[in-house]
Amino acid sequence: MMGKNIAFVLTAVPELKVTLYDLAYQDIAAALRSGCAALVGHGVISEGELETRIKRIGFTTDMDSEPVRAADMVVEAVFEDMETKRSLFGRLEELCAPDAIFCTNTSAMSPTEISARLKRRERFVGTHFWNPAHLIPLVEVVKADATSDETCLAVMELLRAAGKRPILCRKDVPGFIANRMQHALWREAISIVENGIADAETVDEAVKYSFGLRLGQLGPLENADMVGLDLTLSIHEYLLPRLESSGKPSPLLKRLHERGSLGFKTGEGFRSWTPESMEAVRDGLNDYLIKMIYKK
Ligand SMILES: NC(=O)c1ccc[n+]([C@@H]2O[C@H](COP(=O)([O-])OP(=O)(O)OC[C@H]3O[C@@H](n4cnc5c(N)ncnc54)[C@H](O)[C@@H]3O)[C@@H](O)[C@H]2O)c1
């Protein structure tokens with residue numbers, strides 16, 4: 001899912017040589033052609049440019065190979081498993097040059113823990129791309145306990161050159177920056193359904209037709225400044241003690257999970273889904289993202 005899209009993003013820098021390493025051969029060209037079809041369809045890139053960029057991505061299943069040994073930077077996107085990630089980086093440290101930069105695309109694990117056994121920990125950093133990585137501009141660059149400022153700067157510069165919007169997360173905290181906020185919102189959304197205040201469709205509608213519209217243009221802190229911190233303080237004094245503050249997943253979420261309602265995977269979740277409605281959501285999201293990001 002993530003690796004091929006990250007590789008594709010990096011081909012935006014003409015002078016980079018990009019190679020994917022995986023345990024077994026994967027037809028990434030076919031996957032990228034279909035994954036990037038919307039970019040071509042909206043005229044963001046031409047079919048020719050897509051093919052040229054795909055052709056620039058090498059592929060190897062041999063870790064002890066020239067592209068791995070010569071790598072200036074490695075972005076890891078293997079399974080979300082601590083031991084898999086740690087042993088992969090251990091082997092990479094044996095193979096790569098001492099000044100190679102190692103990045104982890106972990107979404108939830110601590111880059112500090114992942115790099116704990118490495119010798120050159122100052123060159124290790126989190127790079128949290130968002131899915132779909134070829135569309136979403138943000139990459140959270142996460143400083144682990146030993147990451148040097150130089151490493152962060154070099155990685156951020158490269159990401160900018162590839163057209164991404166890197167931000168620096170100065171502390172290695174669970175959820176980094178954006179997922180902490182995203183899941184604070186999801187907790188409240190689930191709680192509203194659980195407490196019978198509104199159904200799931202209504203909750204989604206409330207976001208999409210109000211503050212969700214503003215969020216792409218106006219961040220929460222800009223918004224607080226705009227309405228005034230006096231108003232923000234008085235709302236928080238009244239409202240925050242009344243919001244969901246459970247430190248655990250909601251019982252409703254657990255019940256749905258227990259009965260096998262997993263969302264798109266099973267056709268039932270907070271809402272019911274048909275193959276057509278799922279496809280419409282996916283296509284609608286791609287079209288929306290391209291319009292917002294590329295104005296096309
Ligand atoms: N899927 C998302 O929405 C998303 C978003 C942000 C970050 N992430 C993170 O990105 C990472 C990858 O997630 P994904 O969804 O792309 O997973 P995925 O299962 O689609 O891909 C993982 C790949 O890693 C390969 N792999 C496993 N062990 C390996 C090893 N030892 N050496 C080389 N390759 C190995 C697998 O063959 C597979 O191709 C995870 O850490 C995940 O948390 C995922």
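Reader: Which residues does A178 touch?
Author: Leaving aside residues up to four places away in sequence, A178 touches L138 and E140. Two residues are in contact if their C-beta atoms, placed from the backbone, lie within 7 Å. The C-alpha atoms of A178 and E140 are separated by 8.2 Å, and these residues are 38 residues apart along the chain. This is a predicted model, in which local features need pLDDT of at least 70 and side-chain atom pairs count only at pLDDT 80 or more, while totals for chains, interfaces and linings use all residues. Residues are numbered from 1 along each chain as its sequence is written.

Reader: In which helix does A178 lie?
Author: A178 lies in helix α9. Helices (H or I, at least four residues) and strands (E, at least two) are DSSP runs, numbered from the N terminus.

Reader: And why does A178 count as partly exposed?
Author: A178 counts as partly exposed because it has 15 C-beta neighbours inside 10 Å. A residue is buried if 20 or more other C-beta atoms lie within 10 Å of its own, exposed if 12 or fewer, and partly exposed in between, with C-beta atoms placed from the backbone.

Reader: What about F176: is it buried or exposed?
Author: F176 is buried, because 21 other C-beta atoms lie within 10 Å. Its place is in the loop between β7 (165–169) and α9 (178–194). The phi of F176 is near 50°, a positive value in a residue other than glycine.

Reader: Which other residue has a positive phi although it is not a glycine?
Author: K295 does, with a phi of about 55°. K295 lies in the segment after α15 and counts as exposed, because it has 8 C-beta neighbours inside 10 Å.

Reader: How many residues does helix α15 have?
Author: Helix α15 (residues 275–294) has 20 residues. From its first C-alpha to its last it reaches 28 Å, close to the 28 Å expected at 1.5 Å a residue. The expected span is 1.5 Å times one less than the number of residues.

Reader: How many residues of helix α14 are buried?
Author: The count is zero among the eight residues of α14 (residues 251–258), so this helix is hardly covered. Just after α14, G260 takes a positive phi of about 80°.

Reader: What does V142 touch?
Author: Not counting residues up to four places away in sequence, V142 touches P111, V125, G126, H128, C169, D172 and F176.

Reader: And which residues come nearest to the ligand?
Author: Of the 17 residues around the ligand, M1, M2, E80, S107 and N131 come nearest. Here a residue is near a molecule or strand if its C-beta atom, placed from the backbone, lies within 6 Å of it. The elements that give two or more residues to this shell are α1 (2–10) and α6 (82–95).

Reader: What kind of peptide bond joins N131 and P132?
Author: A cis peptide bond joins N131 and P132, with omega about -5°. P132 is found in the loop between β5 and β6.
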